[in-house]
Amino acid sequence: MDLINIGIKSIFIENMIFAYFLGMCSFLAVSKKVSTAIGLGSAVVFVNGITVPVNWIIQEKLLTTGALAKLGLGSAFENVNLEFLQFIMFICTIAAIVQLVEMVIEKVSPALYSNLGIFLPLIAVNCAILGSSLFMVQRTYNLAQATVFGVGSGVGWLLAITALAAIREKLKYSNVPAPLKGLGITMFITGLMAFAFKSFIGIAL
Amino acid sequence: MAEETLEKTGSAVAKKPSEPLLSKRRRKIVADPLNEENPITVQVLGICSALAVTVKLEPTLIMGVSVIFVVALSNLVISLIRNYVPNRVRIIVQLSVVATLVTLVAEILKAYNYPMYKVLGAFVGLIITNCIVMGRLEAFAMGNKPYESVLDGLGNGMGYAWILLTVALFRELLGSGSVFNYPVFANLGIAYTNNSVMVDSIGAFMVLGIIIWVQRTRTGYVETH
């Protein structure tokens with residue numbers, strides 16, 4: 001039940017885009033066509049579902065106080081806290097996993113690779129991915145919760161970018177004032193969508 | 001003395017002994033990102049982690065200064081090593097340089113202003129994936145000399161900071177009725193009910209949309225689909 005709640009919360013209520021503005025760059029840049037939006041979105045779900053639990057393991061087994069001592073390095077490491085290395089560790093893990101995922105997909109499923117391929121390198125610098133890992137630490141989740149949170153926030157991101165892309169495809173036929181074209185009107189649409197997503201507040205099982 | 005050495009490096013860098021430290025071209029590198037080439041409103045970079053901190057002016061100011069610091073210094077470092085980095089691993093090299101600088105910012109903040117570190121939370125770390133930083137490294141620092149790269153970093157950082165501060169000004173004024181935690185409306189004796197939409201993320205999207213509208217009306221920039 002707790003896991004379902006975390007899932008719902010990360011998809012709808014604390015949506016990465018509408019509540020935290022994470023991953024906005026690619027959200028704005030790649031939301032012109034629904035098909036590409038879905039491609040990038042699924043890649044984000046995939047990578048986020050892997051990186052958050054992996055980063056959880058790194059955080060708990062390597063970085064926190066006393067973690068090195070538990071690994072069998074002796075009591076001299078009892079008070080060692082490596083959390084200042086958190087950012088570098090996390091971003092390198094993400095970059096490495098993105099690279100790995102790219103290679104695996106290329107071998108296993110060339111069709112999927114040709115669909116996702118161009119987006120995968122972009123994901124390494126997607127704030128939503130690093131953001132999920134940092135939030136996961138901040139909220140002291142356990143491994144199962146972290147996994148659900150990782151997948152959930154990825155799905156929330158997919159939902160948001162697909163919805164925006166669908167609206168922007170229709171937008172081509174409307175007469176938008178010239179200075180508002182593109183980014184301006186997209187900001188307003190996103191604001192209104194955030195409004196709509198606010199109605200999910202309070203939903204819990 | 002210090003100025004003289006700076007002057008020397010500046011001209012050595014440009015390989016044109018006659019070019020002054022702040023020549024017209026270099027002033028343009030700094031000034032363009034403030035308005036016509038603004039990273040947020042024109043290049044659409046770095047909106048990611050930025051808007052979440054604009055509820056109040058104070059954290060926004062800290063965030064702006066941190067980003068200026070990180071962009072300028074990472075531009076410098078990458079520009080210095082740009083000829084030694086193999087093209088295939090450049091992204092991870094850039095990320096590690098940026099992550100190191102951001103860690104530095106986070107540690108300084110933790111040591112000297114812990115309450116603010118708590119407020120900003122994960123968003124300090126998210127400067128790493130701020131598209132402005134990576135964007136400038138890719139687009140400018142990889143192909144330009146160190147001094148120009150620093151100027152470019154400063155310009156883009158400031159272009160980013162002033163948009164954020166404008167957004168934060170409206171959000172704090174209308175959302176909390178204050179400016180830098182100084183209760184404006186209460187002290188002016190105006191009865192004002194705080195608009196909670198402004199505190200919410202919705203307000204940030206709307207205010208930024210309006211800023212983009214105003215700025216593009218003035219510059220005449222039109223985006224073609």
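Predicted model: local features only at pLDDT ≥ 70, side-chain atom pairs only at ≥ 80, totals over all residues.
Two packed helices are described by the angle between their axes and the distance between the axes. In chain A, helix α4 spans residues 34–63 and helix α6 spans residues 86–108. Their axes come within 10 Å and cross at roughly 140°. An angle over 145 degrees would count as roughly antiparallel. α4(A) and α6(A) are therefore oblique to each other. The crossing of the two helices is right-handed.

From α4(A) come Phe46(A), Val47(A), Ile50(A), Thr51(A), Val54(A), Asn55(A), Ile58(A), Gln59(A), Leu62(A) and Leu63(A). They meet Gln86(A), Met89(A), Phe90(A), Thr93(A), Ile94(A), Ile97(A), Val98(A), Val101(A) and Ile105(A) of α6(A). By class, 14 of the residues in this contact are nonpolar and five are polar. No charged residues take part.

Elsewhere in chain A, Thr186(A) lies in helix α11, residues 183–198. Its relative accessibility is 1%. The cut-off for a buried residue is under 20%, so Thr186(A) counts as buried. Leaving aside residues up to four places away in sequence, Thr186(A) touches Leu28(A), Leu164(A) and Arg168(A).

Chain A also contacts chain B. The interface takes 39 residues from chain A and 45 residues from chain B. Together the chains bury about 3700 Å². Carbon and sulfur atoms account for 81% of that area. On the chain A side, Phe21(A), Phe87(A) and Leu183(A) supply 18% of the area buried against chain B.

Methods
Residues numbered from 1 in each chain as written. Chains lettered and ligands numbered in written order. Heavy atoms only, no water. Axes fitted to C-alpha atoms, helices over the stretch in contact; angles between N-to-C directions. Helix = DSSP H or I, 4+ residues; strand = E, 2+ residues; numbered from the N terminus. Parallel < 35°, antiparallel > 145°, perpendicular 65-115°, else oblique. Left-handed = near helix turned anticlockwise from the far one by under 90°. Contact = heavy atoms within 4.5 Å. Nonpolar A, V, L, I, M, F, W, Y, C, P; charged D, E, K, R; others polar. Buried < 20%, exposed > 50% of the residue type's maximum accessible area, 1.4 Å probe, protein only. Buried area = accessible area lost by both parts, 1.4 Å probe.
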